Amino acid sequence: MINLLYPLLTKEIPTDLSDEDVVKEFVLSNNVAFFDILYKRYSGKVFGKCLSILKSENEAEDAMQEIFMKILLNLSKFSGRSKFSTWLYSITYNYCIDSIRRRKKDKSVLVDDMSSEHDSADDDIEDRFIMETNVKRLKVILEELPAADKAILLMKYQDDFSIREISGMLDKSESAVKMKIKRAKQKFKKLHSEIFKNTL
Amino acid sequence: MRINNFKELEREQIVQYEKNTEKVHRSISSNVGILSFIGDIFELYLSRIFGLFVSATGGSPKAPDNRSDNGRPKYPNTL
């Protein structure tokens, strides 16, 4: 119980600490106020990702609760080899993809699509096209994309993760990640032209 | 600056779903409170639980006596 009262008994905690320093302080003091700082910094982003992938507010809330409880109980195991945000998002994406896998047995999540129907070298899609799609359209397209493709596009364009970081998070080779990104971009473009064909 | 509407979408979601994140925060705080309470109870009664376990397995919760039978210390430097 003292851990809960600790923030009230101690002086104000500085909020300008880096994420990694906040984790260190939490591990040293077991003070939940440090966890609250991390929660404030990342809850909105984590919720947005959960919602984009799971498509339901209730499921996103449940997922976020589980993810942050997991984070809270495992903060002492955070080694600091990666950034805290990379660790958190890795847990978030893997949790959401596993949820979809359990819920739907979604084949795009379960197995790697090894078909080569879109693999021609001349259909590389520019990042600019994807990033400059306006927000309303982006929401519609993300709603339609399979979870695995959506997750990989969010990792690349929203979180700015490198291919190496994504490969570490998904436990796949860098070439497999590149191929997945390419296919996700192709699906994005296809959906864009199908849904907004009259407005192009 | 490069336009990236994925970032804009993220910003919109943070504002739009603030209530959801607050709701989850309350729920997490309540879980933490329960876990902390259970932890404190466990910590408080840990020695008794350990003694109970020792008794149940046929041992004696009392520490073994280091002294010799007639009350004299077993070793010269033992008080």
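Colleague: Which residue forms a salt bridge with B:Glu12?
Modeller: A:Lys139 does, and the closest N and O atoms of the pair are 3.2 Å apart. The pair runs from one chain to the other: B:Glu12 is in helix α1 (residues 5–16) of chain B, and A:Lys139 is in helix α8 of chain A.

Colleague: Okay, some ground rules please. What kind of model is this?
Modeller: This is a predicted model, where local features need pLDDT of at least 70 and side-chain atom pairs count only at pLDDT 80 or more, while totals for chains, interfaces and linings use all residues. Residues are numbered from 1 along each chain as its sequence is written, chains are lettered from A and ligands numbered from 1 in the order in which they are written, and side-chain values use heavy atoms, with hydrogens and water left out.

Colleague: And the terms?
Modeller: A salt bridge is a side-chain nitrogen of Lys or Arg within 4 Å of a carboxyl oxygen of Asp or Glu. Helices (H or I, at least four residues) and strands (E, at least two) are DSSP runs, numbered from the N terminus.

Colleague: Which residues do salt bridges that share partners join into one network?
Modeller: A:Lys49, A:Asp159 and B:Glu10. Within that group, B:Glu10 pairs with A:Lys49, with the closest N and O atoms 3.4 Å apart.

Colleague: How many salt bridges are there across the interface of chain A and chain B?
Modeller: Four. There are also 17 residue pairs in polar contact between the chains, both residues at pLDDT 80 or more. A polar contact is a pair of N or O atoms within 3.5 Å; within protein, one must be able to donate a hydrogen and the other to accept it, and residues adjacent in sequence count only if both atoms are side-chain atoms.

Colleague: How many residues of each chain are in contact?
Modeller: 40 residues of chain A contact 28 residues of chain B, where contact means heavy atoms within 4.5 Å. Together the two chains bury about 3000 Å², with 62% of it on carbon and sulfur atoms. Buried area is the accessible area (1.4 Å probe) that two parts lose on being put together, summed over both.

Colleague: Now inside chain A. How far apart are A:Arg41 and A:Asp19, N to O?
Modeller: Their side chains meet in a salt bridge at 2.6 Å. The pair links distant parts of the chain, 22 residues apart, with A:Arg41 in helix α3 and A:Asp19 in helix α2 (residues 19–29). A:Arg41 is partly exposed at 28%, whereas A:Asp19 counts as buried at 12%.

Colleague: And A:Arg101 with A:Asp98, how are those placed in helix α5?
Modeller: They are three residues apart in helix α5 (residues 84–104) of chain A, so about one helical turn separates them. A:Arg101 is partly exposed at 34%, and A:Asp98 is partly exposed at 31%.

Colleague: Last one: how many helices and strands are in chain B?
Modeller: Two helices and zero strands. Of its 79 residues, 20% count as buried.

Technical notes. Buried < 20%, exposed > 50% of the residue type's maximum accessible area, 1.4 Å probe, protein only.
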